[in-house]
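Morning, everyone. One structure today, and I'll start from a single side chain.

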Amino acid sequence: FYRSYLKNKKESLPFVTAKIAISKDLFTINNKSKFITNEFSRGRVHYMRSSHDCIITSATTVNKDNPSLTCRIPGLKKRSPDIIIFDKDLKIVKNSKLLFSNKRNLIIIFNNKINKKNINYLKKRKIKLLKFPLNNTGNFNLKKILSKIKMLGYSRVFLESGTNLMTNFLKDDLINDFKIFISSKKLGKNGKNS
């Protein structure tokens, strides 16, 4: 609590916690199952969600995993954080679970492409769309986007994404707390890294 409090007092960026799950033999994707870790680990992640203001993820993760990104612990369901999705081309799948199941929380999509059909659909679903510029490499400037997120009132951010976005956060030195869940099992031929 005090680490994030002091950071928010000193800087214009929110405190970022990232989490990743890996197998004992260091794979991030289980080809046989949706999960790598056990039920206890997943419960811990749900609890961690409840102590953050928002979750950051990417459209790639949403389209691939179709997550709910809620806190499903009895008594803490109302503490599910808002969701921020990085989707520069507005390619989010229209029947994504979180677009329909997450009625209580605000969903914000940072994008850069004008796609009137998708924009109209997302606005009907009460999704907030924020057009944001891209840098020279054709990606979002993560530091600037985090500064905007802080301006929107979010001070504790939980990063739940694939390894591409996670790696970019690490390269830009924007992760303040990194939680690595390591399974006791090896995936072997069922394991894959993105």
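Which residues does Phe86 touch, not counting residues up to four places away in sequence? Ile56, Thr57, Ser58, Ala59, Phe110, Phe140, Leu142, Ile145, Ile149, Leu165 and Phe169. Contact here means heavy atoms within 4.5 Å.

A word on sources. This is a predicted model: local features need pLDDT of at least 70, side-chain atom pairs count only at pLDDT 80 or more, and totals for chains, interfaces and linings use all residues. Numbering runs from 1 along each chain as its sequence is written, and side-chain values use heavy atoms, with hydrogens and water left out.

Back to Phe86. It sits in the largest nonpolar core, which has 25 residues. Such a core is a set of buried Ala, Val, Leu, Ile, Met, Phe, Trp, Tyr and Cys residues joined through side-chain atoms within 4.5 Å. Buried means under 20% relative accessible area, with a 1.4 Å probe and protein chains only. Ile56, Ile84, Phe86, Phe110, Ile149, Leu159 and Phe169 touch the most other members. Among the elements giving two or more residues are strands S3 (54-58) and S4 (82-86), and helix H7 (163-171). H6 gives the most, 4 residues. There is also a second, separate core of 22 residues, including Val45, Ile109, Ile119 and Leu122.

Now the whole protein. It has 7 helices and 9 strands; these are DSSP runs, H or I of at least four residues for helices, E of at least two for strands. Buried residues make up 45% of the 194. Of contacts with a separation of 6 or more, 71% join residues 24 or more positions apart. The C-alpha trace spans about 45 × 40 × 40 Å along its principal axes.

Terms used: Buried < 20%, exposed > 50% of the residue type's maximum accessible area, 1.4 Å probe, protein only.
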